[in-house]
Amino acid sequence: MVGWFASSKAGHDKDTVYVIVKEEAEYVYLSDGKIRTQENPKKKNKKHIQIIKEKSDDTLKEKLLNGQRVYDEEIRKAIGGYVCQRQM
């Protein structure tokens with residue numbers, strides 16, 4: 001699931017779109033590149049997110065999977081492109 005888009009189903013951040021930057025057994029770590037940066041991702045239970053079946057930019061996903069440095073600008077650009085495409 002790393003590199004996929006997800007939206008929050010519960011909490012004060014409900015309906016916010018994130019990129020999954022890390023995955024554990026029951027939890028995922030989400031980043032939006034603004035408030036929740038790559039260095040400080042939001043830990044969220046998998047039950048409280050809705051996976052969006054569209055993966056993010058292929059280069060972003062490859063960087064996340066290979067453990068390379070990902071910049072917040074790249075995450076914001078990927079989310080912005082998804083949100084803009086979804087509104088059309």
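This is a predicted model: local features need pLDDT of at least 70, side-chain atom pairs count only at pLDDT 80 or more; totals for chains, interfaces and linings use all residues.
Leaving aside neighbours within four places in sequence, I found Val19 in contact with Gly3, Trp4, Phe5, Tyr29, Leu30, Ser31, Leu60, Leu64, Ile75 and Ile79.

Next I looked up the cores. Val19 is among the residues with the most contacts inside the largest nonpolar core, along with Phe5, Leu60, Leu64, Ile75 and Ile79. I noted 14 residues for this core. Strand 2 (17–23), helix 1 (58–66) and helix 2 (72–87) each give it two or more residues. Helix 2 supplies the largest share, four residues. Apart from this core I found another, of seven residues, which includes Ala6, Tyr18, Leu30 and Ile51.

I recorded an open sheet of five strands in the order 4-3-2-1-5, with antiparallel pairing. Strand 4 (42–45) and strand 5 (49–55) are the edge strands, and each pairs on one side only. Direction ignored, I noted that neighbouring strands are turned by 45° against each other on average.

I checked one pair in detail. Strand 3 (residues 27–31) and strand 4 run antiparallel and are joined by four bridges. Tyr29 has Lys43 as its bridge partner in strand 4.

Last, I looked up how the helices sit. Helix 1 packs on the sheet and touches strand 1 (4–8), strand 2 and strand 5. Its direction makes about 30° with that of strand 2. Helix 2 lies across strand 1, strand 2, strand 3 and strand 5. I noted that helix 2 runs at about 135° to strand 2.

Terms used:
Residues are numbered from 1 along each chain as its sequence is written. Side-chain values use heavy atoms; hydrogens and water are left out. A nonpolar core is a set of buried Ala, Val, Leu, Ile, Met, Phe, Trp, Tyr and Cys residues joined through side-chain atoms within 4.5 Å. Buried means under 20% relative accessible area, exposed over 50%, partly exposed in between (1.4 Å probe, protein chains only). Contact means heavy atoms within 4.5 Å. Two strands pair if DSSP finds at least two bridges between them. Axes are lines fitted to C-alpha atoms, for helices over the stretch in contact, and angles run from 0 to 180 degrees between N-to-C directions.
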